[in-house]
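Let's take a friendly walk through the pockets of this protein, looking at what lines them.

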Amino acid sequence: MKFFMDTANVEAIRKYAALGMVDGITTNPTIIARSGRNHEQVIRDISAAIAGPVSVEGIGQTAEEIVKEAEVFSKWGNNIVIKVAMNEEGLRAVRILSGKGLKTNVTLVFSASQALLAAKAGATYVSPFVGRLDDAGVDGMQLIRDIMDIYKNYGFKTEVIVASVRSTKHVEEAAKAGAHIATIPDKVFAEMWKHPLTDKGIAQFLDDHARSKSNK
Ligand code: G3P
């Protein structure tokens, strides 16, 4: 399973990349706005910080606009993936971009039909949003299981990025569903190695070691 980070926090990316835990990065306009930095500059920094794919999303609404933006984004690094919103124009853009050999990530996916279309259009990645579905009272992880089944039935090569991850539980469930990738916000990443019983166990072992050292 690959771990992507869903962030534009370059410091956090470098920190977790040094642990060998970061296989790629996903961003969106909200994440970029939250970083308080210039879009191009922050993407260039991220792209230089890791070798894996970096998803970049624009604001183009027609296939032509999306393709034009993609040509600009592709110059910001050698690992850029074009993130394209799921709709008819987006699908047209994905077809054109894959024809040009550019990698794509179809985003804002909330149904299995949308994921099926993204795969048929030749998307490199598809990003179903589990957290936002959960928020709307729908089981987001069931969508991941459905997409994995569908892709396996037909041997689609498109990789599933579990997005809108809100908790470590989401990452665990994504792994159980066999998803290729989970894209994890830095806050959730930092929680993945923590468990209160681990901390308690370490404290107890240190205590016991100190006591046994005083034995003659
Ligand atoms: O990058 C797309 C996705 O992960 C956004 O998540 O938390 O805004 O629903 P969220």
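## Pockets and their linings

The lining of the second largest pocket is made up of 7 nonpolar, 5 polar and 3 charged residues. Please keep in mind that the model is predicted. This second largest pocket holds about 210 Å³ of space. Its lining counts 15 residues, and those nearest its centre are Gly58, Ile59, Gly60, Gln61 and Ala85. Two elements, helix H4 (63-73) and strand S4 (80-85), each give two or more residues to that lining. Strand S4 contributes the most to the second largest pocket, namely 4 residues.

At least two lining residues come from each of helix H2 (29-35) and helix H10 (186-191). Helix H2 provides the largest share of the lining of the largest pocket, with 4 residues. By residue class, the lining of the largest pocket splits into 7 nonpolar, 9 polar and 7 charged residues.

| Pocket | Volume | Lining by class |
|---|---|---|
| Second largest pocket | about 210 Å³ | 7 nonpolar, 5 polar and 3 charged residues |

Which element gives the most to the lining of the second largest pocket? That is strand S4, while helix H2 has the largest share in the largest pocket.

How values were computed: Residues numbered from 1 in each chain as written. Predicted model: local features only at pLDDT ≥ 70, side-chain atom pairs only at ≥ 80, totals over all residues. Heavy atoms only, no water. Nonpolar A, V, L, I, M, F, W, Y, C, P; charged D, E, K, R; others polar. 1 Å grid on protein atoms, 1.4 Å probe; cavity = no way out; pocket = protein on both sides within 12 Å on 5 of 7 lines; lining within 4 Å. Points joined across faces, edges and corners; volume = space filled by probe spheres on them.
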